[in-house]
Amino acid sequence: MAPLPLVILFAPVLGALIILCLPSERTALIRRVSVAVMGVSLAGAVAALATYETARGGYQHEVFIPWIATLGIGFHLGVDGISAVLVLLHALCAFTGVLISYAIKQRVKEYYVFYLLLITGVFGVFLSLDLFFFYLFYEMAVIPMYPLIGIWGSDVKEGGLVRFTKEYAAMKLTIYLTLGAVVALVGLLWLYVSSDVRTFDLPALQQAFASGPLAPPLQRWIAPLLIIGFGVIAPLWPLHSWSPIGHAAAPSAVSMLHAGVLMKLGSFAIIRLVIGLLPEGAAMWMPWLATLCVMNILYGGFVAMAQKDLKLIIGYSSSSHMGYVLLGIACLTPLGLDGAVLLMFAHGLMTALAFALVGHVYDETHSRYLPDLGGLAHQLPFIATCGVMAAMASSGLPGFGNFASELLVFVGAWDVYPIQTVCGVFGVVITAVYMLRLVRGTFFGAAKPAFTHVHDAVSPLARLPYVVLIAALLWIGCWPKPVVQIIDASARPLLERTSPGDLRQYARPPEEAR
Amino acid sequence: MSFGLLTVELIICAWIIVMLAAELMVPRTRAPSLWQLAFLGVLIGAIGLAWLGSAGQAQAFQEMFLADRFALYFKGLFLLTAAVVILMTREFLRHLSVNLGAFYMLLFTALLGMLVLASINDLLMLFIGLELLTFSLYIMAAYLKTDARSVEAGLKYLILGSVSSGFLVYGIALLYGFAGSTSFPALRAALSENSLVPLSAQAGLLLVLAGLGFKVAAVPFNFWVPDVYEGAPTPVVALLSVGSKMAGVVAILRVLYGVFLPLQELWIPVLAGLAAVTMLYGNLAAIPQTNIKRLLGYSSIGHAGYLLMGLSTGSAAGMEAVGYYLLAYLFSNLAVFFVVVTASEAIGSDALEGYAGLSKRSPFLAAAMFVGLLSLAGVPPLAGFAGKLLVLLATADSGQLWLVAIGAVNVAISLYYYLMVVKRMYLGTAATAAPIGVGSLTKLSISFLLLGILVIGVVQEPFLQQIAAAVR
């Protein structure tokens, strides 16, 4: 049997190749092929997580193929506890996303090819243990977004007026993310040329830096390049403005992947590269990150309250919630980091669920404009039920994954950044306001005559994605221990080289430092 | 005397005469199939090259002519370019029907110039090769005699080209004054003897670089580019943007890395500064263009910037990166120009608006253009990505991080205007829905280029080894 990472990564590539060879009229077959290959990836991801040995820790299921030996580049795949969890998240979102894509009716063949390429790129980032391929897959994940939003997306309207077009959203997203990527690339190249080992191999670099770390001044210069570069996709305030409009203009299945997984690439890269390779640089810049991410939480939350387009509400809520993830990372404590990764998982599932639901509502009613909607629980009992659950999860109700992980983040961050944590907690209240308003405005109230003919998701196949996502959310909410253990097995060694003392030295207010 | 080393050049020389004879003897009605004869010439040239490849490194004619692996590698690329351009002319025959044989003859003289440039070991050979190439291109650019824009293109190219040749000759004269010889070994010897190089020789080197900067379209010698690109026949533009630029880079490699490495403190900052300005100018000026050929003209200035960046490293890694970049650029840019030639014939103009809705009129051409443009922009896993990354890596290695930052930002800028073309093709609505038919040979050629883009982008190691062996 082929090693798991290869199966996970190349199943979608194979799917895309098969679909390229199929005639474009055979849409049913194209859909079945993509569901099948994503099923294979999902099975591989589950197996990778289930077989991850916590006691051994480190990188497992490794695959190494020499690539450009003279430059120290190798095709090196593998998972640690953190990436194993995120690979599963991506596999879940991609599998359900392929099912949700049944709503796509035009240019089906091209759509699935681009969608599968996007999925491959994201898997590649999580699985790569080589910085060259890490960057390659990262760029590969960004570019398919342009046609996916541009061709199959929708303009964002407000009260009949176009607020911005899908072309604008697609271009803004692509350029923002590419700019972020190249800033990070400068950082990566700088890192490469200043290390003595001359390799892009992540484990080799970590090993080399463990015995002889980069000079601290150098780390302090490289770290912000990586934090800002990958922060764009995270999306770190004030570089987030591409994200809500990108989500809003994208087709539902793409928004699911985008908000569910793509945004996590940023925080994942910060964990893996900044904390993993530049502990000193991380310690210096994390307090800045903590302050910015409070802006994420509060600003994103307040803007979400003001929106009337369902997708924009969820889009801004995503950028707000990613603030918690960044806060958990910024505190550099095991508890906070565990919480951040768990929240990436839980928030990914929740957002994917929310975008899938909004997509269903939009396809049926042809509106996402909150004042036009209402009373849909009468016609869409199943979707409404799921919607209420998504809102509960998003607001951090115990029992869903978000509660468990946000709690970990707050407890982990409390010691290091008390002020930022207190501010962040208020974000939960803001979330409750806009999510409950969204649910009330969409599903509750008197049934509207205009919507008498809308259809609920009735067939088992149509319900499957929602059920899968909710089940995973509840599982992680009620029994987080095994997953947290796997995350912790990798998070703790990462932090060993950054002592909290380092961080406090930078985080402390100036008068105390004197 | 070893004429064997000149095999490829001799074959091409013979073919110049063959094409001229064909022009006189083949009846007008049979002229459209002349491309087959031209293609055959390149093919035989390639066979000659393969035969030469088995021989070792050698020099000929009092060390004026080098046949090392470096020369062989770039001669291969030149022959490939010529072959693709000949295939491209098939789509352009309607405009070239008069004196088609003479057109191919000029193509072969230009090719001869490029082949000579790959083998230079003497400043005079540099001048001969360059003039051979440029003179052919002057005429080819103005080949559409009834089209005012084409004549303007040829004239503009001629005037600016002559001025730059003046720079080159003056530079050669100054260097001759310094070393007492124009041969590279003599120059090397003179450089190693004099620890202090006189100002006149330094000025001579910079003047030679200025003359070559014209060929690669580096700022500030780029003023001819947009107008010539817009007016000249499209296959000639393809030759200009790939073959001629590559020839200029090869000559710079020979001169700077073969001879003037001891003077690198002089030319590295110059090239680095020019690289930064060239990249920014080309990519920013491409944004507002409304004509696809002008856009590609500015984009080619941007690429000249990347090449100069690789050249400004002064290291073997930089040479390898430039070699790889040229390979990637050849496949990507030729694929894009092939689509432009084919599509513009059907659209009837080079205006960008005509490309609206191309994905519906011809999914194949649109997809090929998409892949080609993304490769030019440097999107993985395509050829352009590997080329850009290697150049950036070599530049970072040479310690010029500021240049790396500018180069990296330019990736995002160039992506913007390339995507604007993609946007028209995929999101725009066409004026007519009439599908564009693509001939099977054209389809095959474009598919070959696309395959190349993918292979060069994914499997870098074998190509890199070839290049490393060539530049050693």
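B:Ala217 counts as buried because it has 29 C-beta neighbours inside 10 Å. Buried here is a cut-off: 20 or more other C-beta atoms within 10 Å of the residue's own, with 12 or fewer called exposed, anything in between partly exposed, and C-beta atoms placed from the backbone. B:Ala217 also has a positive phi, near 65°, although the residue is not glycine. Its place is the loop between H9 and H10 of chain B. Helices, for this talk, are DSSP runs of H or I with at least four residues, strands are runs of E with at least two, and both are numbered from the N terminus.

Before I go on, this is a predicted model, in which local features need pLDDT of at least 70, side-chain atom pairs count only at pLDDT 80 or more, and totals for chains, interfaces and linings use all residues. Residues are numbered from 1 along each chain as its sequence is written, and chains are lettered from A and ligands numbered from 1 in the order in which they are written.

That loop of chain B, between helix H9 (199-216) and H10, also holds B:Pro220. The peptide bond from B:Val219 to B:Pro220 is cis, with omega near 0°.

Is A:His366 buried or exposed? It counts as exposed, because it has 10 C-beta neighbours inside 10 Å. A:His366 sits in the loop between helix H14 (334-365) and helix H15 (381-394) of chain A.

Now chain A as a whole. It has 21 helices and four strands. Of its 514 residues, 61% count as buried. The C-alpha trace spans about 70 × 55 × 40 Å along its principal axes. Two of the strands, E3 (residues 156-158) and E4 (residues 161-164), pair in the antiparallel sense over three bridges; for strands to pair, DSSP must find at least two bridges between them. A:Val156 stands opposite A:Phe164 in E4(A). The two strands form a hairpin with two residues between them, and A:Gly159 in the turn has a positive phi of about 55°.

Next, chain B, which is divided into domain 1 (1-157 + 222-249) and domain 2 (260-472). Those bounds come from an automatic or database domain assignment. The domain centres, taken over C-alpha atoms, are 22 Å apart. How many residues of domain 1 of chain B are in contact with domain 2 of chain B? There are 26, touching 32 residues of domain 2; contact means C-beta atoms, placed from the backbone, within 7 Å. On the domain 1 side, helix H3 (69-89), helix H10 (225-231) and helix H11 (234-258) of chain B each give two or more residues.

Last, the two chains together. 24 residues of chain B are in contact with 22 residues of chain A. H18(B) gives the largest share of chain B's side, 13 residues. That side divides into 20 nonpolar, one polar and three charged residues. Nonpolar means Ala, Val, Leu, Ile, Met, Phe, Trp, Tyr, Cys and Pro; charged means Asp, Glu, Lys and Arg; the others, Gly among them, are polar.

Technical notes: Contact = placed C-beta atoms within 7 Å.
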